[in-house]
Amino acid sequence: MDKLFTPFQIGDTELENRVVMAPMTRSRAMSGDIADELTAKYYQQRASAGLIITEGSQISVQGQGYLFTPGIYSDDQVQGWENVTRAVHRAGGKIYIQLWHVGRISHTSLQADGLAPVSSVAVKAHHSTCYARDESGKPGPIPVSEPRALSVAEIKNVVLDYVQAAKNAIRAGFDGVEIHAANGYLLEQFINGGLNTREDEYGGADPANRLRFVLEVTDAISAAIGAGKMGIRLAPYGRLFDMHAFDGEEETWLLLADKLSARSLSYVHLSDQKTLGEQAIPAGFIEKFRAAYSGPLIIAGGFDKPRAEAYLLEGKADLIAFGRPYIANPDLVERMVNNWPLNEVNRATMYGGDEKGYTDYPFWPDNRK
């Protein structure tokens, strides 16, 4: 049997295989940013994955940067997600929720009372858009607003928002949570030395300062729900949303790897952004990260079955996350096991809308001609 389809333990959870459904924003929560019956159907269809990681779920109103994304901060949202986890578990699957704060990748129209989004510093993300309503009220990509810098007291409050969201997730029946610290969102806005020029204990030239926020979030969630129920997603050398290179970049990521290794998390999840048209993780870095981090490692970034199997056999990763193939192939595991062809993704229906391009992709052999 291919190693990709063998069981694996992450934290408190035993997985049937090493295939992970990567988190992907779909903007289908059309009523009150609450996961609904269509959300439950979408994830239940994909329950043969060893692990499902949901789309990013905002931990607060402040943390939202996209319309129609299901949050995890209100009782109604918890109830909506509870229907999702029940459906996935009924189908034999395991599911983590991704906890999300977009930071500066937002717009005043999405914020309470029209306030500015927040970040590590008051620097706008150039050439970056969020998903909000334009001047005519039509949903779509619009330029992000200029942010303001969080105060130290406000940082402490955001940590509490993460903790409450994690508790809500467990109450909703999730097997665990994934901290979203990648892709140019809030936590990476603190990690990145090219952006974070704060002069307090949360920024500046010292990487330990720039890592303080993400490690405080990690430790607080671990204390609340247990390290065996949490993972974290990182994007080393990521350039999405106006992230830039900085001095000591490799040192920063390997220091974080070492710090996370000591915390016995369920996993670390690395996102290689080359499939998003951004810079790839440099050759040799994954091996260095692997040496610094001793826990389970997931890698995402344009994998197919042969490349996934090679990474596992070479010891570069323990699990492989698949993104876009899971949009169009709810039965991706079965297709890869049997070498069946894959459905093609309809890019026009990736974001927003109804069941079209969401829950109507055919299972094999339903699409045979």
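This is a predicted model: local features need pLDDT of at least 70, side-chain atom pairs count only at pLDDT 80 or more; totals for chains, interfaces and linings use all residues.
Let's start inside: leaving out residues up to four places away in sequence, Leu99 touches Ser57, Ile59, Ile72, Tyr162, Ala165, Ala166, Val177, Glu178, Ile179, His180 and Ile221.

## The largest pocket

Now to the largest pocket, whose volume is about 1,000 Å³. Its lining is made up of 39 residues, and Met24, Asn183, Leu276, Arg324 and Tyr351 lie nearest the centre. By type, the lining residues divide into 20 nonpolar, 13 polar and six charged.

Which strands and which helix each supply at least two residues of this lining? They are strand 4 (51–58), strand 5 (95–100), strand 7 (129–133), strand 14 (319–322) and helix 10 (324–328).

Helix 9 (residues 305–313) has the buried residues Lys305, Ala308, Glu309, Tyr311 and Leu312. Looking down the helix axis, these buried residues fall within an arc of 160°, so they line one face of helix 9.

What covers that buried side? The cover includes helix 8 (285–292), strand 13 (297–300), strand 14 and helix 11 (332–338). On the face turned away from the buried side, helix 9 carries the exposed residues Pro306 and Leu313.

## Two buried loop residues

Phe174 sits in the loop between helix 3 and strand 10 (176–180). Is Phe174 buried or exposed? With a relative accessible area of 4%, below the 20% cut-off, Phe174 is buried. Setting aside neighbours within four places in sequence, Phe174 is in contact with Thr54, Trp81, Thr85, Ile95, Tyr96, Ile97 and Ala169. Phe174 and Ser27 are 147 residues apart in sequence, and their C-alpha atoms are 20 Å apart in space.

Thr69 belongs to the loop between strand 4 and helix 2 (75–90), and counts as buried at 1% relative accessibility. Again leaving aside neighbours within four places in sequence, the contacts of Thr69 are Thr25, Ser27, Ala29, Asp33, Gly56, Gln58, Gln64 and Trp100. From Thr69 to Asp161 the separation is 92 residues in sequence and 17 Å in space, C-alpha to C-alpha.

## Backbone details

Asp113, in the loop between strand 5 and strand 6 (118–119), has a phi near 60°, a positive value in a residue other than glycine. Asp113 counts as exposed, at 77% relative accessibility.

Asp242 has a phi near 65°, also positive in a residue other than glycine. The loop that holds Asp242 runs between strand 11 (230–234) and helix 7 (249–261). At 17% relative accessibility, Asp242 counts as buried. Finally, Trp364 and Pro365 are joined by a cis peptide bond, with omega about 5°; Pro365 is in the segment after helix 11.

How values were computed
Residues are numbered from 1 along each chain as its sequence is written. Side-chain values use heavy atoms; hydrogens and water are left out. On a 1 Å grid over the protein atoms alone, a cavity is a set of points where a 1.4 Å probe fits but cannot get out, and a pocket is an open set with protein on both sides within 12 Å along at least five of seven lines; lining residues have an atom within 4 Å of a point. Grid points are joined across faces, edges and corners, and a volume is the space filled by probe spheres set on the points. Helices (H or I, at least four residues) and strands (E, at least two) are DSSP runs, numbered from the N terminus. Ala, Val, Leu, Ile, Met, Phe, Trp, Tyr, Cys and Pro count as nonpolar, Asp, Glu, Lys and Arg as charged, and the others, Gly among them, as polar. Contact means heavy atoms within 4.5 Å. Buried means under 20% relative accessible area, exposed over 50%, partly exposed in between (1.4 Å probe, protein chains only). The arc is that of the directions from the helix axis to the C-beta atoms.
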